[in-house]
Structures are given as C-alpha cells and as structure tokens.
Amino acid sequence: MGAVPDDVPKLPLQADFEAIARKLRLTQTAERNELTLDLRADNGLSRSRFLHRLVVLGVGWGKPASASSKGTFKEIWLLRWEPEHVLQLIENGIWGNTVELAATNKLLDTCTRADRIGTVAGLMQQAIPAELFGVIEQLLARIAELATLSADMLDLMAAFTPLVAVSRYGNVRQTDLAVLNQLVEGLIIRVCVGLPNACYGLADDAAAQMVVQIRLVNEAVRLLDNQVLTENWPQTLRQILDKQSISPIITGCVCRLLYDSQRLDADETARQFGLALSTGQDPAYSAGWLDGFLGGTGATSFVLLHDDTLWNLLYAWVAGLNPETFMELVPILRRTFAQFTPPERRKLGERAKTGPATTRTATATNGQPLDFDHTRARQTLAGTRVLLGI
C-alpha cells in the first residue's frame, strides 16, 4: 500500500509513537509475529511497557498471549500492524502529545466516569504493567471509595481477582504496591464477612455466577499466600457449607474447595457427598450439587478415579435413578462431565463398566495385603536408593 514519507507533518502523538518504536526496534509489518519478552531485561521491560500503553489507548498492534511459564517475568505478544492503527493513534491525539501522557489521561477520564469497582480494578490491571504511575494514586482512591459504597458482593469479588494479579505483577516490575496490598486485604475481609449472607436464597443463574467468583477468589487467595487470608477464607467457605437455604451448586463447589485445600477430610467429604446424593434428596438438588462439586478446574477426575468412597456414592446415586428422572437430569450431567478431557471421560467410562469399587480388607498374617506384589516392589528399590542418595 506504499508508505508516507518521514517529512510529512504528523501529530505529536504519531511522532512520539514512531520514535519509541524505532528505539525499541519494533518493526511495523503486516505479518503476524510472536514476540517473547523477558521482563528482567531492560529492553524487554521497555517493550512491554510500550505495548501495554498502546493497549490502554486501544491501538491493537500487539495482543498479549498466555506464556507457558508460570512465572511473571515472561510475556508473549502477538504483533501485526494494520493500516487502521494509524487512525487509532490520530483519534487518541486528544489525550496528549506523547504515548505516556495520552494513556494516562485516557485512564483518568475512564476512572472518573466508572461507577463499578470491578471496572476500576480492571483499569488498575492495565495501569501497572504500563507503568502509568501518574494515575495509580487516583485509581486507588477511586477503588477505596467504590468499595466503601458498594453493597454488591459479586462486584467486590470481581474486583479482587484483578487486584491480586496486579499485586503479583508489581513484584517483578519492582513497583511499590504496599497501599494496594492493604486495599486487597481490606477487600477480602469484607468479602469474608458478607459472602455467607450474599449466597442465601439465590436463584439458579445468580448462584452460577456466584460459583464462578468463589472459584476465582479462592485461586487468588492461594496466590497471595497471606496467612491471615488463608485462615479467614476457609472459615467463610465452611460457614457457607453449613448454612441452610443455599443453592446446591454453591454448596457443592464449596465442599470441593475445602476438600482440595484439605480443610475437609475424606470422611467428612464423603458424608457431605452422601447427604447431597441420598435417595431422599430431590434429584434436581443432587444434580446441582454434583455440578458444583465436579465443575471448574482441578483434579476432579482424579478424585473420582481413585477415591472409592466418592465413586461408590456417585455410582449408587446414578444407578438408583428411575428412567424418567434420569432422562430429566441428563442435560445437567452432560454439562458437568463435558468439562473433563476426552481421556478423562474415557477412563471414567471404563470404570463405570466395572461397577462400584470393592474395598479389599483381607490381609495376610504379616499385615501385608494378600495381593501385594513383592517382585514389582523390589524393582523400585534401585531407583529409590538413587533418589534418596543411599
């Protein structure tokens, strides 16, 4: 399509953009390129800061992609230059003459007009990696203001997850986020206090939304590794589990989270499982509870494949359904098990063919199980000695 000569007059924002792109050696090409950045290096950090500021301005040259590494020091961007990106830069000229100033002013304007804490938390999530420190103080003040006024528990929970992500991001960028960390702690305390009552009497759609947020907050609390929060949050989940008139999908989800965090032992989990799937329970209630327990991410299939007690409870419940009730619950059950991978579903199907699990209690006189394979056990000893340095 040709090119515009460098001596053609341009807006200051365009000139600043092109100067930064040249300095960082970012070529504007129509080909799709994958750019991996190491935030521990000065050049990688500068490139990341520049691309994040363009995201704030809505210039879609670079799109962040997920990195295979679990660390926060690595970023992957997909770059592809389109002619309309020039128009996007021109439209943002009203916010300032440089990329940094324009991004700062645009965030400030959006922050002023935002009336939900989750929206401002999302802006904070954009501001930190873009290193727009001129707007962070105003964003924190706005978040604190909205958190004080907001009575919407879902909104508070939706704000918590991005703020936790920001607090972790600040570490690798050597950003002082002490004020933000205090705000995060205050926010989760408010969630812990109000969540049990907020879960009371929710309709199915609202309960499903609440389950999504509970899982996200649970993961965020794990990432924070804060001793106070890791004690308060499980106590809150336990209150929900013991509370009456809570949607079954919520109680099933809470039971699963407590089981995964070892706050419920196997016997108590089996008791909760048995109560929810008992023959006297409404089948629709049992299906909802099962959806909450088995839904989401994690080693759910592993639990069913290797925990004989839970497997037998589930097997007996499905086997005891009459044909009419079973056909009524098939859509719910299909939606639940569709979250598993094909290999997981195949393994569960193979186990279902064998029926309920049988617990082997017979032992020999020396205390070893009757079917203990000593030959196979000896084969592991050489490798075990190497691992232990013996």
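How many bridges join β1 to strand β3 (residues 74-79)? In this predicted model, in which local features need pLDDT of at least 70, side-chain atom pairs count only at pLDDT 80 or more, and totals for chains, interfaces and linings use all residues, the number of bridges between β1 and β3, which run antiparallel, is six. Residues are numbered from 1 along each chain as its sequence is written, and side-chain values use heavy atoms, with hydrogens and water left out.

Leu 37 has Glu 75 in β3 as its bridge partner. The open sheet comprises three strands in the order β1-β3-β2, with antiparallel pairing, where two strands pair if DSSP finds at least two bridges between them. Its edge strands, β1 (33-38) and β2 (62-65), each pair on one side only.

Helix α13 (residues 283-294) packs with helix α16 (residues 323-337) at an angle of about 10 degrees, their axes being 10 Å apart; axes are lines fitted to C-alpha atoms, for helices over the stretch in contact, and angles run from 0 to 180 degrees between N-to-C directions. The angle therefore makes α13 roughly parallel to α16, a term that applies to angles under 35 degrees.

Confidence is expressed as pLDDT, given for each residue from 0 to 100; its mean over the protein is 82, and 88% of the residues reach 70 or more. Where pLDDT is low, the predicted coordinates should not be read in detail.

Notes:
Helices (H or I, at least four residues) and strands (E, at least two) are DSSP runs, numbered from the N terminus. Angles under 35 degrees count as roughly parallel, over 145 as roughly antiparallel, 65 to 115 as roughly perpendicular and the rest as oblique. pLDDT is the predictor's confidence in each residue, from 0 to 100.
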